[in-house]
Amino acid sequence: MTEQVTEARDPKSSPITKSSGNASGDKIFAGLSYGAGALILVVLAFVAIFLVTESLPALAPTLFSDQDSISSADNFWVYVVPLIGGTIMASFIAILIATPVAIGIALYISHYAPRRISTPVGYVIDLLAAIPSVVYGAWGMLTLSTALVPVYGWLHDVLGFIPFFSGDPSTTGRTLLTSGVVLAVMILPIITALCREIFLQTPKLHEEAALALGATQWEMIRMTVFPFARAGIISSVMLGLGRALGETMAVTLVLSGGVFTLSLISSGNQTIPSEIALNFPEAFGMRQSELVAAGLMLFIITLAVNMVARAIVNRNKEFSGAN
Amino acid sequence: MSTAVKKTVEGASPDPKASKNGKSSRNGNAFTAGQKPRWVWAVVLAGALVVGAGITVVLGGEGFSVTGWLIFSAILYVIGMYVTTRVMENRRRATDGLWRNLVWAAFVVALIPLVSLLWTVFAQGLPTLIANPSLLTEDMSTTNGATDQATVDEGESLAGGFVHGLIGTLMITVLATLISVPIGLMASIYLTEYSRGGLFARSITFFVDVMTGIPSIVAGLFAFAAVQLFVTTFIGTGPAQLQMVKMGLTASIALSVLMIPVVVRSTEEMLRVVPNELREASYALGVRKWQTIMKVVLPTSISGIASGVTLAIARVAGETAPILVTAGFLATTTWNPFNGWMTALPVYIYRQLINPTAPGAPLPSELRAWAAALVLIVIVMLLNLIARIVAKAFAPTKTGR
């Protein structure tokens, strides 16, 4: 009885404050959400820190390990530079193939196709993006590579004087060029989706003004859509490049790897992600550090590419739709 | 340019004489005069097909390549249309038509790999799966090189299966979702509800964008390095302890690194479209901020959030490389993601292709890989479909009162 009386007098239990919950809940919730945001930054920092710590033995063997040199080459750079070369070559093949096609499809969806076709085509492009990379790899390894063998023979016969097409053409078709084609198919949806968004945001008045002045459809696109979308196209291509650089399975399954060579149609070359995937499961000690260090190089390259792309997007935020 | 314009103007002027004499190709319609007749494209196409066939025969030598024929014909058609239009109309219209054809060509070129890929997966995977439904219920513990050799040599039915991969993918993905959804959700609540656009919030947004570009294999290496550091610091550095590092949980951490940015981006977008009037109405009733978020903001946007999370799950369910370096692979079924190696479905496909069970007879391994690939595609597509349906069916009605 006495308890009830004191409770009623206690200002904390008055109905007004009770109905609005308690103030500590507010603080806890704000703290939790702030903490989650901070955690994301911490995780990204840890990604960098852990990769550096784990790769120190490979980067400077004399200082951080009991060995004089790394296990697969004289020093780390001799080991990693050919891998970086292979990674960049494969990604550039992919970009060279994917960019024009992606811009074409984006234009097709945004300006050329009738509406009842363009919506399903958009779905189909999203579908391409959803297919797991290992399935692309399997397709490239068992279907595409055999289909490309005669093409490589032909390229070698006709264009053999160019270093890229010299060397014995592979009889299995599992070459860096095939990997590049598979990568191109994989990054196509990303570039297309971003470009489509930007193209669709071109001010309708600009387009109509151009058409009213007698421009043909292509002239209208060249005069209004492309200038408006230039920054967006560049950044979407760079985002695609970032994806191609880090893609693993398409290369691991397709490429029959080897030492670095300029020839794209004979077997050889290797990329960083593929090298890691092939060797990491069995690696330990120094070999593991080497692979983590190679991963660190990949991380730095893709981080740089992505940051430049995002910076371009953010700078043009007001008039581009790539974000 | 000026001649082209003049020509257009002249062509556009009505010419009744021509229509009377039947000289004009399109009955002298004032708006279509000066244009090439409609049937021109068919003539050019026929010409391109014939000449293309000729070139293919001359260049190809032995055997007629249908693919080569189609490619040559397509190139010839595009060039032919350009030249014809240029002669019959003018340069500007010819350029316009050229680019229109090229844009269509880009669309067709992009369809080829998609159709080829889906066709291969279904043609190889579906018959295998129908003939051997046991693939869905067995693991690889009793399958070895000898059983595969017997399949090839003596026509025994396909041994083994990938139920362990299905279970592994399920456990690893569920754990990754449990880790990343709360973090991603809270971070996006911070961005939309609490932050005032300061440096901290802007750097979160920027680095979330950067994180979406982290190569998946680097995420795997990070999770591996993090767990290894944890184990060596707190548990021990013996070989048995180092063996512990590779487990399902490590793979889940790797997948979370890939999943969190996707969840943050999609959730943030959904929270931002919740109208401010709803929040203000809630505050006006004296409801605290956290309760407003829990009871007003989140329920309003829950369909969009759920759809975004489902898409993120679909994305990580297909990842191979991070799981390969963090959880390894196993032939037997295990439900425990906290102890020992674990196989996920994509890793199973990869191992079957790159390291066939019977090196001398890789066909059974390939068939199993295609069947697993089909199942994986179906899972991912179903998740995508669910995401779309959820987004549509449970979307809040936008009409205000």
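Which residues are buried in α15(B)? They are Leu345(B), Pro346(B), Val347(B), Tyr348(B), Ile349(B), Tyr350(B), Arg351(B), Gln352(B) and Leu353(B). A residue counts as buried if 20 or more other C-beta atoms lie within 10 Å of its own, as exposed if 12 or fewer do, and as partly exposed in between, with C-beta atoms placed from the backbone. The model is predicted: local features need pLDDT of at least 70, side-chain atom pairs count only at pLDDT 80 or more, and totals for chains, interfaces and linings use all residues. Residues are numbered from 1 along each chain as its sequence is written, while chains are lettered from A and ligands numbered from 1 in the order in which they are written.

Helix α15 of chain B spans residues 345–354. It is mostly covered, with 9 of its 10 residues buried. Its buried residues pack against helices of both chains. From chain A come α7 (133–159) and α11 (249–254). From chain B come α7 (163–194), α14 (321–327) and α16 (363–393). Contact here requires the C-beta atoms of two residues, placed from the backbone, to lie within 7 Å.

Chain A has 13 helices and 0 strands. Chain B has 16 helices and 0 strands. Both elements are DSSP runs numbered from the N terminus (helices: H or I, at least four residues; strands: E, at least two). In chain A, 48% of the 323 residues are buried. In chain B, the buried residues amount to 43% of 401. Among contacts with a separation of 6 or more, residues 24 or more positions apart supply 78% in chain A. The corresponding share in chain B is 73%.

Chain B is divided into domain 1 (36–119) and domain 2 (163–393). These bounds come from an automatic or database domain assignment. The C-alpha centres of the two domains lie 45 Å apart.

The contact between the chains takes 73 residues from chain B and 69 residues from chain A. On the chain B side, the largest share comes from helix α5 (residues 91–131), with 19 residues. That side has 53 nonpolar, 12 polar and 8 charged residues. Ala, Val, Leu, Ile, Met, Phe, Trp, Tyr, Cys and Pro count as nonpolar, Asp, Glu, Lys and Arg as charged, and the others, Gly among them, as polar.

Within chain A, helix α10 (residues 217–246) packs with α9 (residues 204–212). The angle is about 140 degrees and the axes are 9 Å apart. α9(A) is therefore oblique to α10(A). Axes are lines fitted to C-alpha atoms, for helices over the stretch in contact, and angles run from 0 to 180 degrees between N-to-C directions. Angles under 35 degrees count as roughly parallel, over 145 as roughly antiparallel, 65 to 115 as roughly perpendicular and the rest as oblique. α9(A) passes α10(A) in a right-handed crossing. A crossing is right-handed if the near helix is turned clockwise from the far one by less than a right angle, and left-handed if anticlockwise. α9(A) contributes His206(A), Glu207(A), Ala210(A) and Leu211(A) to the contact. α10(A) contributes Glu219(A), Met220(A), Met223(A) and Thr224(A). These residues divide into 4 nonpolar, 2 polar and 2 charged.

Helix α8 (residues 176–200) of chain A also meets α10(A). Their axes come within 9 Å and cross at roughly 150 degrees. The two helices are therefore roughly antiparallel. Their crossing is right-handed. Contact residues include Leu183(A), Ile187(A) and Ile190(A) of α8(A) and Val225(A), Ala229(A) and Gly232(A) of α10(A). By class, this contact has 14 nonpolar, 3 polar and 1 charged residues.

In chain B, helix α12 (residues 276–284) and helix α13 (residues 289–317) pack at about 155 degrees, with axes 10 Å apart. That makes α12(B) roughly antiparallel to α13(B). The crossing is right-handed. Leu278(B), Arg279(B), Ser282(B) and Tyr283(B) of α12(B) meet Thr292(B), Val296(B), Val297(B) and Thr300(B) of α13(B). The contact has 4 nonpolar, 3 polar and 1 charged residues.

Thr85(B) lies in helix α4 (residues 66–88) of chain B. Thr85(B) is buried, with 23 other C-beta atoms within 10 Å. Not counting residues up to four places away in sequence, Thr85(B) touches Lys36(B), Arg93(B), Ala94(B) and Gly97(B). Leu249(B) is 164 residues from Thr85(B) along the chain, and their C-alpha atoms are separated by 64 Å.
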